[in-house]
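Trainee: I am new to this structure. Please give me a close look at one part: which residues surround the ligand?

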Amino acid sequence: MAGQGMRLDRLVCEAAGLTRKQARAAIAAGRVCAGGAVCKMPDARPDPAAVTLDGAPLLWRPFVYIMLNKPAGVVSASRDTRAQTVTDLLGGAFARRQLFPAGRLDKDSTGLVLLTDDGALAHDILSPGRHVPKVYEVTLDTPLTAQMRAGFAAGVTLADGTVLAPAEAEPAGPDPCRARVVLRQGVYHQIKRMFGVYGAGVVALHRVAIGPLALDPALAPGQWRELTEEELAVLQK
Ligand code: URA
(Lines give C-alpha, C1' and ligand atoms only; values in the text may rest on other atoms or scores of the structure.)
Protein backbone atom coordinates (compact mmCIF):
# COMPACT_ATOMS: atom_id res chain seq x y z
CA MET A 1 0.00 0.00 0.00
CA ALA A 2 1.31 3.48 -0.72
CA GLY A 3 2.12 5.53 2.37
CA GLN A 4 -0.47 8.18 1.54
CA GLY A 5 -3.76 7.00 2.94
CA MET A 6 -2.25 4.46 5.31
CA ARG A 7 -3.62 4.34 8.87
CA LEU A 8 -1.43 6.08 11.43
CA ASP A 9 -0.99 3.00 13.61
CA ARG A 10 0.18 0.94 10.64
CA LEU A 11 2.46 3.73 9.46
CA VAL A 12 4.10 4.02 12.89
CA CYS A 13 4.44 0.29 13.21
CA GLU A 14 6.01 -0.22 9.78
CA ALA A 15 8.25 2.82 9.79
CA ALA A 16 9.46 2.51 13.38
CA GLY A 17 9.65 -1.30 13.46
CA LEU A 18 7.12 -1.50 16.31
CA THR A 19 4.36 -4.03 16.83
CA ARG A 20 0.85 -2.75 16.18
CA LYS A 21 0.25 -2.78 19.97
CA GLN A 22 3.42 -0.74 20.64
CA ALA A 23 2.50 1.70 17.86
CA ARG A 24 -0.97 2.24 19.34
CA ALA A 25 0.55 2.77 22.79
CA ALA A 26 2.97 5.38 21.38
CA ILE A 27 0.06 7.16 19.68
CA ALA A 28 -2.09 7.05 22.84
CA ALA A 29 0.84 8.44 24.85
CA GLY A 30 0.99 11.50 22.60
CA ARG A 31 4.42 10.62 21.21
CA VAL A 32 3.23 10.85 17.61
CA CYS A 33 2.66 14.13 15.77
CA ALA A 34 1.11 14.67 12.35
CA GLY A 35 1.62 18.01 10.66
CA GLY A 36 3.18 19.44 13.81
CA ALA A 37 0.32 18.57 16.18
CA VAL A 38 -0.06 15.58 18.50
CA CYS A 39 -2.37 13.02 16.90
CA LYS A 40 -3.97 10.41 19.15
CA MET A 41 -6.20 8.80 16.54
CA PRO A 42 -4.77 5.48 15.35
CA ASP A 43 -7.11 5.47 12.36
CA ALA A 44 -6.06 8.94 11.10
CA ARG A 45 -4.55 8.91 7.62
CA PRO A 46 -2.02 11.78 7.61
CA ASP A 47 0.66 12.62 5.05
CA PRO A 48 3.45 10.13 5.98
CA ALA A 49 6.11 12.78 5.33
CA ALA A 50 4.64 14.92 8.12
CA VAL A 51 4.58 12.27 10.87
CA THR A 52 7.08 12.24 13.75
CA LEU A 53 7.68 9.88 16.67
CA ASP A 54 9.25 11.48 19.75
CA GLY A 55 10.00 14.50 17.57
CA ALA A 56 11.95 12.58 14.90
CA PRO A 57 10.58 12.13 11.38
CA LEU A 58 9.39 8.59 10.76
CA LEU A 59 11.00 8.39 7.32
CA TRP A 60 8.35 6.02 6.05
CA ARG A 61 9.29 4.59 2.66
CA PRO A 62 7.42 2.22 0.40
CA PHE A 63 10.33 -0.25 0.29
CA VAL A 64 13.41 -1.05 2.35
CA TYR A 65 16.82 -1.90 0.82
CA ILE A 66 19.59 -3.30 2.99
CA MET A 67 23.10 -4.44 2.18
CA LEU A 68 24.40 -7.07 4.53
CA ASN A 69 27.77 -8.79 4.86
CA LYS A 70 26.68 -12.38 5.36
CA PRO A 71 28.94 -14.42 7.62
CA ALA A 72 29.50 -18.14 7.02
CA GLY A 73 26.97 -20.39 8.75
CA VAL A 74 23.98 -18.11 8.14
CA VAL A 75 21.23 -19.12 5.72
CA SER A 76 20.11 -16.79 2.88
CA ALA A 77 16.42 -17.02 3.68
CA SER A 78 13.79 -15.05 5.56
CA ARG A 79 12.99 -17.94 7.87
CA ASP A 80 14.54 -21.25 8.83
CA THR A 81 13.47 -23.61 11.59
CA ARG A 82 17.02 -24.54 12.62
CA ALA A 83 19.70 -22.17 11.30
CA GLN A 84 20.20 -18.45 11.79
CA THR A 85 19.00 -16.48 8.75
CA VAL A 86 20.06 -13.21 7.13
CA THR A 87 16.89 -11.52 8.41
CA ASP A 88 17.70 -12.71 11.96
CA LEU A 89 20.89 -10.62 11.66
CA LEU A 90 18.75 -7.46 11.51
CA GLY A 91 18.06 -7.98 15.20
CA GLY A 92 14.40 -6.98 15.07
CA ALA A 93 14.85 -3.91 12.83
CA PHE A 94 12.17 -3.79 10.12
CA ALA A 95 10.42 -6.67 11.87
CA ARG A 96 7.08 -5.59 10.41
CA ARG A 97 8.35 -5.69 6.82
CA GLN A 98 8.47 -8.82 4.73
CA LEU A 99 12.14 -8.61 3.79
CA PHE A 100 13.75 -11.34 1.72
CA PRO A 101 17.20 -11.82 0.15
CA ALA A 102 17.36 -10.89 -3.56
CA GLY A 103 19.51 -13.81 -4.61
CA ARG A 104 20.98 -16.49 -2.42
CA LEU A 105 24.42 -17.32 -1.15
CA ASP A 106 25.24 -20.81 0.11
CA LYS A 107 25.32 -21.24 3.90
CA ASP A 108 29.13 -21.44 3.88
CA SER A 109 29.53 -18.49 1.46
CA THR A 110 30.04 -14.94 2.70
CA GLY A 111 29.57 -11.39 1.49
CA LEU A 112 26.99 -9.16 -0.12
CA VAL A 113 23.32 -9.99 0.33
CA LEU A 114 20.67 -7.48 -0.69
CA LEU A 115 17.59 -7.64 1.54
CA THR A 116 14.45 -5.90 0.37
CA ASP A 117 10.67 -6.05 0.20
CA ASP A 118 10.69 -4.60 -3.33
CA GLY A 119 9.70 -7.65 -5.37
CA ALA A 120 9.99 -5.84 -8.69
CA LEU A 121 13.59 -4.77 -8.07
CA ALA A 122 14.52 -8.24 -6.83
CA HIS A 123 12.97 -9.74 -9.92
CA ASP A 124 14.94 -7.39 -12.16
CA ILE A 125 18.21 -8.27 -10.43
CA LEU A 126 17.56 -12.00 -10.57
CA SER A 127 15.93 -12.22 -13.99
CA PRO A 128 18.17 -14.33 -16.29
CA GLY A 129 17.31 -12.01 -19.18
CA ARG A 130 18.84 -9.00 -17.41
CA HIS A 131 22.31 -10.58 -17.10
CA VAL A 132 23.13 -8.58 -13.95
CA PRO A 133 26.76 -9.48 -13.12
CA LYS A 134 27.54 -10.87 -9.67
CA VAL A 135 31.17 -10.69 -8.61
CA TYR A 136 32.82 -13.19 -6.26
CA GLU A 137 36.24 -13.60 -4.66
CA VAL A 138 36.98 -17.29 -4.65
CA THR A 139 39.71 -19.29 -2.91
CA LEU A 140 40.43 -22.66 -4.50
CA ASP A 141 42.23 -25.71 -3.15
CA THR A 142 44.38 -25.68 -6.30
CA PRO A 143 45.76 -22.90 -8.53
CA LEU A 144 43.49 -21.31 -11.12
CA THR A 145 44.55 -22.61 -14.55
CA ALA A 146 44.39 -21.23 -18.08
CA GLN A 147 42.09 -24.17 -18.89
CA MET A 148 39.60 -23.10 -16.21
CA ARG A 149 39.71 -19.49 -17.41
CA ALA A 150 39.13 -20.47 -21.03
CA GLY A 151 36.39 -22.92 -20.03
CA PHE A 152 34.56 -20.28 -17.97
CA ALA A 153 34.79 -17.81 -20.88
CA ALA A 154 33.40 -20.35 -23.35
CA GLY A 155 30.62 -21.58 -21.02
CA VAL A 156 31.12 -24.53 -18.69
CA THR A 157 29.14 -27.74 -19.20
CA LEU A 158 28.28 -29.14 -15.75
CA ALA A 159 28.47 -32.82 -14.84
CA ASP A 160 24.68 -33.17 -15.37
CA GLY A 161 24.95 -31.78 -18.92
CA THR A 162 23.75 -28.25 -18.11
CA VAL A 163 25.48 -25.78 -20.43
CA LEU A 164 26.16 -22.52 -18.62
CA ALA A 165 26.46 -19.02 -20.03
CA PRO A 166 29.96 -17.58 -20.45
CA ALA A 167 31.48 -16.32 -17.20
CA GLU A 168 34.78 -14.83 -16.11
CA ALA A 169 37.49 -16.27 -13.88
CA GLU A 170 40.57 -14.13 -13.48
CA PRO A 171 43.51 -14.28 -11.07
CA ALA A 172 42.96 -12.14 -7.99
CA GLY A 173 46.29 -11.00 -6.62
CA PRO A 174 49.53 -12.91 -6.15
CA ASP A 175 48.00 -16.06 -4.57
CA PRO A 176 47.50 -18.48 -7.53
CA CYS A 177 44.60 -20.12 -5.68
CA ARG A 178 42.57 -16.92 -5.57
CA ALA A 179 40.22 -15.93 -8.39
CA ARG A 180 37.74 -13.19 -9.18
CA VAL A 181 34.67 -14.74 -10.76
CA VAL A 182 31.85 -12.91 -12.55
CA LEU A 183 28.53 -14.70 -13.19
CA ARG A 184 25.54 -13.41 -15.11
CA GLN A 185 23.16 -16.21 -14.19
CA GLY A 186 22.24 -17.93 -10.95
CA VAL A 187 22.34 -21.73 -10.90
CA TYR A 188 22.37 -23.64 -7.60
CA HIS A 189 25.94 -23.99 -6.22
CA GLN A 190 27.08 -22.61 -9.59
CA ILE A 191 30.68 -21.63 -8.84
CA LYS A 192 31.41 -24.77 -6.83
CA ARG A 193 30.00 -26.93 -9.63
CA MET A 194 31.87 -24.99 -12.33
CA PHE A 195 35.23 -25.45 -10.62
CA GLY A 196 34.27 -29.03 -9.79
CA VAL A 197 34.27 -29.76 -13.53
CA TYR A 198 38.03 -29.08 -13.40
CA GLY A 199 38.56 -31.11 -10.23
CA ALA A 200 39.04 -27.95 -8.16
CA GLY A 201 37.38 -27.42 -4.78
CA VAL A 202 36.13 -24.08 -3.46
CA VAL A 203 37.59 -23.30 -0.03
CA ALA A 204 36.00 -19.87 0.37
CA LEU A 205 33.51 -17.85 -1.64
CA HIS A 206 32.78 -14.19 -0.95
CA ARG A 207 30.39 -12.03 -3.01
CA VAL A 208 31.63 -8.47 -3.43
CA ALA A 209 29.15 -6.96 -5.91
CA ILE A 210 25.70 -7.31 -7.43
CA GLY A 211 25.60 -5.21 -10.59
CA PRO A 212 26.69 -1.68 -9.64
CA LEU A 213 26.19 -2.36 -5.91
CA ALA A 214 29.50 -3.07 -4.15
CA LEU A 215 29.76 -4.46 -0.63
CA ASP A 216 30.76 -1.65 1.74
CA PRO A 217 34.21 -2.68 3.08
CA ALA A 218 33.33 -1.00 6.38
CA LEU A 219 30.72 -3.69 7.07
CA ALA A 220 32.20 -6.48 9.19
CA PRO A 221 30.68 -9.97 8.81
CA GLY A 222 27.14 -9.85 10.19
CA GLN A 223 26.85 -6.07 9.88
CA TRP A 224 24.35 -4.30 7.62
CA ARG A 225 23.12 -0.88 6.59
CA GLU A 226 20.43 0.60 4.38
CA LEU A 227 21.45 1.54 0.84
CA THR A 228 22.19 5.20 0.24
CA GLU A 229 19.96 7.07 -2.19
CA GLU A 230 22.82 7.07 -4.71
CA GLU A 231 23.30 3.29 -4.44
CA LEU A 232 19.59 2.71 -4.89
CA ALA A 233 19.41 5.04 -7.89
CA VAL A 234 22.16 3.22 -9.79
CA LEU A 235 20.71 -0.17 -8.87
CA GLN A 236 17.31 0.86 -10.23
CA LYS A 237 18.74 2.01 -13.56
N1 URA B 1 28.05 -20.14 -6.42
C2 URA B 1 28.16 -21.06 -5.42
O3 URA B 1 28.60 -22.18 -5.65
N4 URA B 1 27.78 -20.69 -4.19
C5 URA B 1 27.33 -19.46 -3.88
O6 URA B 1 27.01 -19.18 -2.72
C7 URA B 1 27.22 -18.53 -4.92
C8 URA B 1 27.60 -18.89 -6.19
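Mentor: Nine names to find: L105, D106, S109, Y136, H189, Q190, I191, K192 and L205 surround the ligand. Each has a heavy atom within 4 Å of it. This is a predicted model, in which local features need pLDDT of at least 70, side-chain atom pairs count only at pLDDT 80 or more, and totals for chains, interfaces and linings use all residues. Residues are numbered from 1 along each chain as its sequence is written, and side-chain values use heavy atoms, with hydrogens and water left out.

D106 brings a polar side-chain atom to 2.7 Å from a ligand nitrogen. I191 uses its backbone: an N or O atom there lies 3.1 Å from a nitrogen of the ligand. Now the cover. Alone, the ligand exposes 240 Å², and the protein buries 95% of that. Such areas come from the Shrake-Rupley method with a 1.4 Å probe; for residues, only the protein chains shown count as cover.

Helices (H or I, at least four residues) and strands (E, at least two) are DSSP runs, numbered from the N terminus. Phi of H189 is positive, near 50°, though the residue is not a glycine. H189 is partly exposed, at 30% relative accessibility. The classes are buried (under 20% relative accessible area), exposed (over 50%) and partly exposed (in between), with a 1.4 Å probe and protein chains only.

The largest nonpolar core has 31 residues, and Y136, V138, F152, V181, I191, M194 and F195 touch the most other members. Such a core is a set of buried Ala, Val, Leu, Ile, Met, Phe, Trp, Tyr and Cys residues joined through side-chain atoms within 4.5 Å. At least two of its residues come from each of β5 (65-70), β7 (110-116), β8 (134-140), α4 (146-154), β10 (178-183) and α5 (190-196). Domain 2 (65-127 + 213-236) and domain 3 (133-210) each give this core at least three residues. Those bounds come from an automatic or database domain assignment.

Beyond neighbours within four places in sequence, F195 contacts V138, L140, L144, M148, F152, V181, A200 and V202. Contact means heavy atoms within 4.5 Å. A separate second core has 18 residues, among them A15, L18, V32 and V51.

Now step back. The domain assignment also lists domain 1 (8-57). The centres of domain 1 and domain 2, over C-alpha atoms, are 27 Å apart. The C-alpha trace of the chain spans about 70 × 35 × 35 Å along its principal axes. The chain carries six helices and 13 strands. Of its 237 residues, 43% are buried.

Terms used. A polar contact is a pair of N or O atoms within 3.5 Å; within protein, one must be able to donate a hydrogen and the other to accept it, and residues adjacent in sequence count only if both atoms are side-chain atoms.
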